[in-house]
Amino acid sequence: MAMLLLVFTAFAQPVQELYKTANQQYKSSQFEQAAANYEKIIAQGYKTPEVYYNLGNCYYKLNKTSASIINYERALKLDPQDEDIQNNLKQANTRVVDKLTPVPQLGIIQWWDNMIDSKSSNGWGTYALVFIWLALVLFAAYFFTGLKKISLTFGTVFLLLSFAFLSLAFTQSNKEQTRDEAILTVDNTYVKSAPDENGNNLFMLHEGVKFQLLDQVGDWNKIRLIDGKVGWVEKEDFEKI
């Protein structure tokens, strides 16, 4: 919340008023009105995990499954360790008809993904900044104190760590900006064997299911589900996260 207020203080007063109004409307169970105001805030470019989370809560209360999941997913991209977002997303997913079993991943790949997702890009960037400053302090100590060996050793280690954290910040930032995942927004649809209405029906998907976007041909997108199944759906049937 402190981060959100800090962001808003730098912008126009109407955005702060919209946020306050939306919060009051949510508390008063005016979920449609609150959602409309959160959408206005996002439309003006103020995309924070708090706003997406609150918007997801509104849509959840309105029984709009896909809309709630989309906004929880967007919030989680910006703040991957927030337990409230994780729990509400998990709760929203209980409404999804399709229960898919993920394809097992190699342990080291799973560990790497979890490690990157343990912090947002801002979080990794903060670590990088802290260690750069520590390295500079130690390099200064090398020139101005008698602790030359220990200052040089730890200064070099901290500098290398800052580069590593900076790399993780860029990697996570790319994940936050990449829009290669989507949520099905229609009640149900058949996944086709080819990007054509006359393609064979492979299987049916229902509202709220998440998938990865692989390719696009005209109005059709090739998708992959977490269980490994692949097929084609029309772009009007889903919304990118």
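**Helix packing and salt bridges in a predicted model**

Helix α5, residues 65–78, packs against helix α6, residues 83–93, at an angle of about 155 degrees, and their axes are 9 Å apart. That angle makes α5 roughly antiparallel to α6, since angles over 145 degrees are classed in that way. The crossing of α5 and α6 is left-handed.

Let me remain with α5 for a moment. Isoleucine 70 is placed in this helix. Is isoleucine 70 buried or exposed? At 2% relative accessibility, isoleucine 70 counts as buried, because the class takes in residues under 20%.

I turn now to charged pairs. As a general point, side chains of opposite charge can pair when their charged atoms come close. How many salt bridges does a search of the whole structure find? The search finds five.

One of these again involves α5. Arginine 74 forms a salt bridge with glutamate 239, and the closest N and O atoms are 2.9 Å apart. Arginine 74 belongs to helix α5 and glutamate 239 to strand β7, residues 238–240, so this pair ties together parts that are 165 residues apart in sequence. The two partners fall into separate accessibility classes: arginine 74 counts as buried at 15% relative accessibility, whereas glutamate 239 counts as partly exposed at 34%.

A further pair is found between lysine 235 and aspartate 219, whose side chains meet in a salt bridge at 3.6 Å, N to O. Lysine 235 sits in the loop between β6 (230–234) and β7, and aspartate 219 in the loop between β4 (210–217) and β5 (220–224); the pair therefore ties together parts that are 16 residues apart in sequence. Lysine 235 is partly exposed, with a relative accessible area of 43%, and aspartate 219 is partly exposed as well, at 45%.

The remaining pair is that of glutamate 32 and lysine 64, whose side chains meet in a salt bridge at 3.9 Å, N to O. Glutamate 32 is in helix α3, residues 31–43, and lysine 64 is in the loop between α4 (49–61) and α5, so the pair ties together parts that are 32 residues apart in sequence. Glutamate 32 is partly exposed, with a relative accessible area of 45%; lysine 64 is partly exposed at 34%.

Although asparagine 63 is not a glycine, its phi is positive, at about 60 degrees. Asparagine 63 is exposed, with a relative accessible area of 55%. Serine 29, in the loop between α2 (13–27) and α3, likewise has a positive phi, near 65 degrees, in a residue other than glycine. Serine 29 is partly exposed, with a relative accessible area of 48%.

Which residues make the nonpolar surface patch of about 590 Å²? They are Leu106, Ile108, Ile109, Trp111 and Trp112. Isoleucine 108 is placed in helix α7, residues 107–116. At 63% relative accessibility, isoleucine 108 counts as exposed, because that class takes in residues over 50%.

Key: Residues are numbered from 1 along each chain as its sequence is written. This is a predicted model: local features need pLDDT of at least 70, side-chain atom pairs count only at pLDDT 80 or more; totals for chains, interfaces and linings use all residues. Side-chain values use heavy atoms; hydrogens and water are left out. Patches are made of residues with over 30% relative accessible area and no salt bridge: like charges are joined within 9 Å, nonpolar side chains (Val, Leu, Ile, Met, Phe, Trp, Tyr) within 5 Å. Accessible areas come from the Shrake-Rupley method with a 1.4 Å probe; for residues, only the protein chains shown count as cover. A salt bridge is a side-chain nitrogen of Lys or Arg within 4 Å of a carboxyl oxygen of Asp or Glu. Helices (H or I, at least four residues) and strands (E, at least two) are DSSP runs, numbered from the N terminus. Buried means under 20% relative accessible area, exposed over 50%, partly exposed in between (1.4 Å probe, protein chains only). Axes are lines fitted to C-alpha atoms, for helices over the stretch in contact, and angles run from 0 to 180 degrees between N-to-C directions. Angles under 35 degrees count as roughly parallel, over 145 as roughly antiparallel, 65 to 115 as roughly perpendicular and the rest as oblique. A crossing is left-handed if the near helix is turned anticlockwise from the far one by less than a right angle, and right-handed if clockwise.
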